[in-house]
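Subject: Structure handover

Hi,

Here is the structure I promised to pass on. Please open it first, then read my notes below.

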Amino acid sequence: QVQLVESGGGLVQPGGSLRLSCAASGSIFSIGVKAWYLQAPGKQRELVAAISGGSINYADSVKGRFTISGDNAKNTVYLQMNSLKPEDTAVYYCNAAVTVDRYSTPYPYWGQGTQVTVAA
């Protein structure tokens with residue numbers, strides 16, 4: 001069993017910062033693709049940032065403001081969010097492709113989501 005537990009969301013003023021964390025636990029052989037998604041009310045889930053194949057990609061809307069990173073020793077993925085805007089308000093979900101043993105293939109696991117609200 002693999003679990004991704006998110007933390008770090010909350011209410012922040014425009015221009016402020018938050019750092020989201022996503023910690024994976026359970027049977028983990030390796031973690032491949034790591035990503036953060038957001039889902040605003042009434043909208044589809046959208047990719048925010050991803051680490052894949054040694055490259056890092058960001059949605060245009062967050063480029064220059066958000067930074068995705070990972071700590072392999074802690075099986076944790078982070079999303080540093082700076083210069084937050086009201087339009088960043090959403091539930092943020094982490095996603096990671098986890099291989100549970102050397103014989104299996106990667107499977108995408110999702111965090112439970114953490115609410116980020118940017119408002120005065």
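Start with R45. Its charged end sits over the ring of Y93, 3.6 Å from the ring centre. The charged end of R45 also sits over the ring of W110, this time 4.7 Å from the centre. Bear in mind that this is a predicted model.

**Aromatic pairs**

Stay with W110 for a moment.

Take Y37 and W110. Their ring centres are 5.0 Å apart. Their planes stand at 55 degrees, so this pair is tilted. The two residues come from distant parts of the chain, 73 residues apart. Y37 is in strand 4, residues 30-39, and W110 is in strand 10. How exposed are they? Y37 has 21% relative accessibility, so it counts as partly exposed. W110 is at 39%, so it is partly exposed too.

Now take Y107 and Y109. Their ring centres are 4.9 Å apart. The planes meet at 70 degrees, so this pair is edge-to-face. Y107 is partly exposed, with a relative accessible area of 49%. Why does that not make Y107 exposed? Because exposed means over 50%, and Y107 has 49%.

**The disulfide**

How many disulfides does a search of the whole structure find? It finds 1. The disulfide joins C22 to C94, with 1.9 Å from S to S. C22 lies in strand 3, residues 18-26, and C94 lies in strand 9, residues 90-99. That makes it a link between distant parts of the chain, 72 residues apart. The torsion about the S-S bond is about 55 degrees, so the disulfide is right-handed.

Are these cysteines buried or exposed? C22 is buried, at 3% relative accessible area. C94 is buried as well, at 1%.

**Salt bridges**

The whole structure holds 2 salt bridges by the search. One joins the side chains of D60 and K63, at 3.0 Å from N to O. Both of these residues are exposed.

The other salt bridge is between D88 and R65. Their closest N and O atoms are 2.7 Å apart. This pair also links distant parts of the chain, 23 residues apart. D88 sits in the loop between strand 8 (76-81) and strand 9. R65 sits in the loop between strand 6 (55-58) and strand 7 (66-71). D88 is buried, with a relative accessible area of 4%. R65 is buried too, at 10%. Why do both count as buried? Because buried means under 20%, and D88 has 4% while R65 has 10%.

Last, look at T105. Where is it? T105 is in the loop between strand 9 and strand 10 (107-110). T105 counts as exposed, at 62% relative accessibility. What does T105 touch, leaving aside neighbours within four places in sequence? T105 is in contact with V98 and T99. T105 and I68 are 37 residues apart in sequence, and their C-alpha atoms are 24 Å apart in space.

Best wishes

Key:
Residues are numbered from 1 along each chain as its sequence is written. This is a predicted model: local features need pLDDT of at least 70, side-chain atom pairs count only at pLDDT 80 or more; totals for chains, interfaces and linings use all residues. Side-chain values use heavy atoms; hydrogens and water are left out. A disulfide is a pair of cysteine sulfur atoms within 2.5 Å. Helices (H or I, at least four residues) and strands (E, at least two) are DSSP runs, numbered from the N terminus. Buried means under 20% relative accessible area, exposed over 50%, partly exposed in between (1.4 Å probe, protein chains only). A salt bridge is a side-chain nitrogen of Lys or Arg within 4 Å of a carboxyl oxygen of Asp or Glu. Contact means heavy atoms within 4.5 Å. Rings of Phe, Tyr and Trp (its six-membered ring) pair if their centres lie within 6.5 Å; planes under 30 degrees apart count as stacked, over 60 as edge-to-face and the rest as tilted. A charge sits over a ring if NZ of Lys or CZ of Arg is within 6 Å of the ring centre and within 35 degrees of the ring normal.
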